Amino acid sequence: MIINPLNIIPITRARSKLGNLAEKVAKDKYIILTKDGSPKAAIVDISYLAHLENQVKKAYKKTFIDPKLLRYTREFTDEEIKVWEKEDAL
Amino acid sequence: MKTVFVDSSVIFSAVNSPTGGSSKIFILKKIKLITSKVVLTETERNVREKLHEYHLERFFMLVDKMEILKQLPDNKLIQKAKKVIAEKDSVILAESKKSVANFLVTLDKKHFLTSSVSKFIKPQKVLTPKMLIEIIEKR
């Protein structure tokens with residue numbers, strides 16, 4: 001969504017028409033509420049918020065670990081990590 | 001362009017420290033860094049177990065700079081590798097040999113920089129990041 005003056009409203013003005021504003025948000029169309037001229041909060045379609053949360057979870061689930069290959073791997077010891085650090089210094 | 005098979009000790013160290021030789025090889029030009037799925041599985045497992053969450057982001061960023069080979073562990077080759085290197089390192093050695101890279105880069109000098117490993121992996125050469133940097137910068 002492109003942020004433009006139409007979807008930015010001061011909190012003080014939003015208070016009286018919260019019901020109407022909640023009706024206006026849908027999918028990626030959200031409303032930004034400002035306080036003293038700065039963005040403070042947003043009114044967001046709840047299903048869009050859930051979608052965003054899922055996207056974040058997916059991003060954090062990113063992994064190159066292949067469970068089938070774990071048996072070929074090992075845990076590094078603290079001792080060898082220290083040796084590597086020493087060897088790696090330029 | 002020379003291809004360099006990067007082992008888990010190097011990727012792990014590059015994730016752990018942005019100032020060492022391991023990190024520096026990721027910004028070298030004229031070389032192509034390659035690795036395998038086993039190496040990435042081993043490295044990520046250890047990054048998750050031994051380092052902090054922010055290191056994981058750096059790990060993903062470094063992986064983006066490498067080509068990931070589709071090869072799977074070759075059990076026959078691993079058995080052969082066990083004859084020239086400690087069992088714990090046999091998988092990585094076999095993976096590197098299978099990759100047909102020009103160089104294998106590792107920080108485990110004790111186990112990898114030996115004449116028996118050198119003979120096994122020929123014509124590929126085993127180097128530390130520091131040695132690789134010297135070779136590339138001399139060119």
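The structure is a predicted model, in which local features need pLDDT of at least 70 and side-chain atom pairs count only at pLDDT 80 or more, while totals for chains, interfaces and linings use all residues. Residues are numbered from 1 along each chain as its sequence is written, and chains are lettered from A and ligands numbered from 1 in the order in which they are written.

## Chain B as a whole

Chain B holds nine helices and five strands, where helices (H or I, at least four residues) and strands (E, at least two) are DSSP runs numbered from the N terminus. Read from the N terminus on, the elements of chain B follow the order β-α-α-β-α-α-β-α-α-β-α-α-β-α. The radius of gyration of chain B is 14 Å, close to the 14 Å that the globule rule gives for 139 residues, so chain B is as compact as a globular protein of that length; the radius is taken over C-alpha atoms, and the rule is 2.2 Å times the number of residues to the power 0.38. Along the principal axes, the C-alpha atoms of chain B fill a box of roughly 40 × 35 × 25 Å.

Of the 139 residues of chain B, 44% count as buried, a term that requires 20 or more other C-beta atoms within 10 Å of a residue's own, whereas 12 or fewer make a residue exposed and values in between make it partly exposed, with C-beta atoms placed from the backbone. Two residues are in contact if their C-beta atoms, placed from the backbone, lie within 7 Å, and among the contacts in chain B with a separation of 6 or more, 71% are between residues 24 or more positions apart.

## Two helix pairs

Axes are lines fitted to C-alpha atoms, for helices over the stretch in contact, and angles run from 0 to 180 degrees between N-to-C directions.

| Helix pair in chain B | Axes come within | Crossing angle |
|---|---|---|
| Helix 3 (residues 37–50) and helix 4 (residues 53–63) | 9 Å | roughly 160° |
| Helix 1 (residues 8–16) and helix 3 | 9 Å | roughly 40° |

Helix 1 of chain B is therefore oblique to helix 3 of chain B, whereas helix 3 and helix 4 of chain B are roughly antiparallel to each other; angles under 35 degrees count as roughly parallel, over 145 as roughly antiparallel, 65 to 115 as roughly perpendicular and the rest as oblique.

Where helix 3 of chain B meets helix 4 of chain B, the residues of helix 3 include Leu40(B) and Val47(B), and those of helix 4 include Leu56(B) and Phe59(B). In the contact of helix 1 of chain B with helix 3 of chain B, Ile11(B) and Phe12(B) are among the residues from helix 1, and Val39(B) and Val47(B) are among those from helix 3.

## Two residues of helix 7

Phe112(B) lies in helix 7 (residues 109–112) of chain B, and Lys110(B) is also placed in helix 7 of chain B. Phe112(B) is buried, because 24 other C-beta atoms lie within 10 Å, while Lys110(B) is exposed, with 12 other C-beta atoms within 10 Å. Not counting residues up to four places away in sequence, Phe112(B) touches Asp89(B), Thr106(B), Val117(B) and Val126(B).

## The contact with chain A

The contact between the chains takes 19 residues from chain A and 28 residues from chain B.
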